Amino acid sequence: MLGAQLAYRKSWFAEVGYDAPKFPQTWEEYREAGKKLKAKGRPLGQTVGHSFGDPPTYAYPYLWSWGGKEVEADGKTVVLNSKATVDSVKFAVGFWNDAYDEGGLAWDDSSNNRAFLAGTISSTLNGASIYLEAKRKPQVYLTETGTPLWQDILHAPLPKGTAGQFGYHLPMSNMLMKYVKDQKAGKEFLRWITSKPVYQAWFDSQQGYSVGATTVWEQDKLWGNDPVMLPFRTAARAGRFPGYAGPANRGAAEVLSKYIVVDMTAKAIQGMPAEDAVKWAHDEVARIYAA
Amino acid sequence: MAVDSVAAARPYVAAPRRGPVTRVLENEHWFAFFLLLPTAVLLSLFIAYPFIKGVLLAVTDAKVGVPGNFVGLQNFAVLMNDSIFRIAVWNTIVYTAVTTIFKLALGLWLALLLNRHFRAKALTRAFVLLPFIIPTVLSTFAWKWMFDPTFSVINWTLFHLGIIRARINWLGDPGLALISVMIVNVWRGVPFYAISLLAGLQTISPELAEAAAIDGARPWQRFRYITWPLLLPVTMVVVLFSVIQTFADFQLVYVLTGGGPANATQLFATYAYQIGVGTGLLSEGAAISLAMFPVLLVVVVVQLLYIRRVETH
């Protein structure tokens, strides 16, 4: 599981009234803080382009926290076109203009890392890679005052909405294909690589970037190494998968890989009325789930 | 003396013994067949087989890991109602039309310039080919960096020259994103036009232009009534190749925008990839690719007929 958290600049958020560990708890607070930061030339950063990682890990939890969802728990009834979704998209448009770096429409998964490390954005949703990279090269990545950048980075979960607080953390799965002749050897191999001693070596090498899929790994001594990485320890607990509240099935995968939830927001940001953007997305999702 | 002994050692044989293979090869038809065989095998393995496989896939509901059943034209019916597909079709047409016009105009202009005599002619001609020689993915990454929303060197230059105050969101703005990918396509495509048309220009005898000049033809008239008509067959072939390649372009858009923002730069090939490989709907992806085929077929037939007409005149 690759945990996703907001990486933010401690000192810059302190300047707008959020002394660590205080951090905006709701989307409204986050937007207000972002507005002040953008006025200082330090916008928030987020991609809503077509890339595999960051756009959906932001767009889905954002939608869920407002109460919007693609389908009901039955995995069939498409309910994307709801007041909650329209509200979320409307808010996202104002939010975008107020607080975000407009370049995000063209960003890929590495753009926010670069922008953050270069000091052009104040906060962005990401895996721990920004922090770990800054820590790995303390002489290369510096703040505007010349101190190592990694000492000015903290992590926080995405803010709450009216329906709760969510995350979408990229799962990495190992699959044994049905057509494999020797199923037994494959199963044994999977059991072996996920056994405690073998997985432990991998887990340690990740420093918290990639976390275990079970709660056993929350108790690991690794979490004592660096308090900045702590928010990743239990991050996966708030995680849902695309297709929520239904199962993460084939339809959900097609919606994900067509970037429909992401593009719903992107279209609205580009000027399409929120109602139309949501209707477009709803129709696309309905068509996919009907197939 | 020596010659005599050799002749004696090897008496002349009236009818040399031939193996069955040689006998078959003596037959002109078989010989031609064997000469064509390697090409035929290559073509059928790498062109015909994938094409037939594509057609077969497009009429099933195959997904990754699921062989699928025959469903007739259902995939194409689905595409007709697919809003992203319609965007991709429109984008591809605009992309191909606009870039072809620019590539032809700039390529012809460059070819006419390169056809003159000047110092370091060979070197210049070699350099002109560079955008065409560099692997597309590599050069496109350079362009991506130049169009980067945060670090664009183009924006930096314009800003420091005082021409712009706010940055230009090259790949983030839907209209500009399509223009940006078209700029890169033109940049990459012009050398092909220039060099091909240059080759065409060199087959035109300069005496024709000289004779016209003596008769009082202005430079524009000489181009309009001598160079252009004589160059037309070459031009048509070059345009034909280019249209086919541009229509099926993939790498450029895939690297620059991935079809984003919100499908503003989605083309046939990128959408086919996204659906077929990204989503795993092999059959629908194949159907999208095949939807290109009738369009390209019409282009090819019209242009080939036109070339034949020009040549017989």
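How many helices and strands are there in chain A? Chain A contains eleven helices and four strands, both taken as DSSP runs numbered from the N terminus (helices H or I, at least four residues; strands E, at least two). The model is predicted: local features need pLDDT of at least 70 and side-chain atom pairs count only at pLDDT 80 or more, whereas totals for chains, interfaces and linings use all residues. Residues are numbered from 1 along each chain as its sequence is written, chains are lettered from A and ligands numbered from 1 in the order in which they are written, and side-chain values use heavy atoms, with hydrogens and water left out.

Buried residues, defined by under 20% relative accessible area (1.4 Å probe, protein chains only), account for 53% of the 291 residues in chain A. The accessible surface of chain A, from the Shrake-Rupley method with a 1.4 Å probe, is about 12,800 Å², and carbon and sulfur atoms supply 58% of that area.

An automatic or database domain assignment divides chain A into domain 1 (5-172 + 238-290) and domain 2 (183-230). The C-alpha centres of these two domains are 27 Å apart. Contact between them, meaning heavy atoms within 4.5 Å, involves nine residues of domain 1 and six residues of domain 2.

Chain B has 15 helices and zero strands. Of the 313 residues, 37% are buried. The accessible surface of chain B amounts to about 18,700 Å², with 71% belonging to carbon and sulfur atoms. Among contacts in chain B between residues at least 6 apart in sequence, 67% link residues at least 24 apart.

Within chain B, B:T227 lies in helix α12 (residues 219-247). B:T227 counts as buried because its relative accessibility is 17%. Beyond neighbours within four places in sequence, B:T227 is in contact with B:L112, B:L201, B:I204 and B:R222.

How values were computed: Buried means under 20% relative accessible area, exposed over 50%, partly exposed in between (1.4 Å probe, protein chains only).
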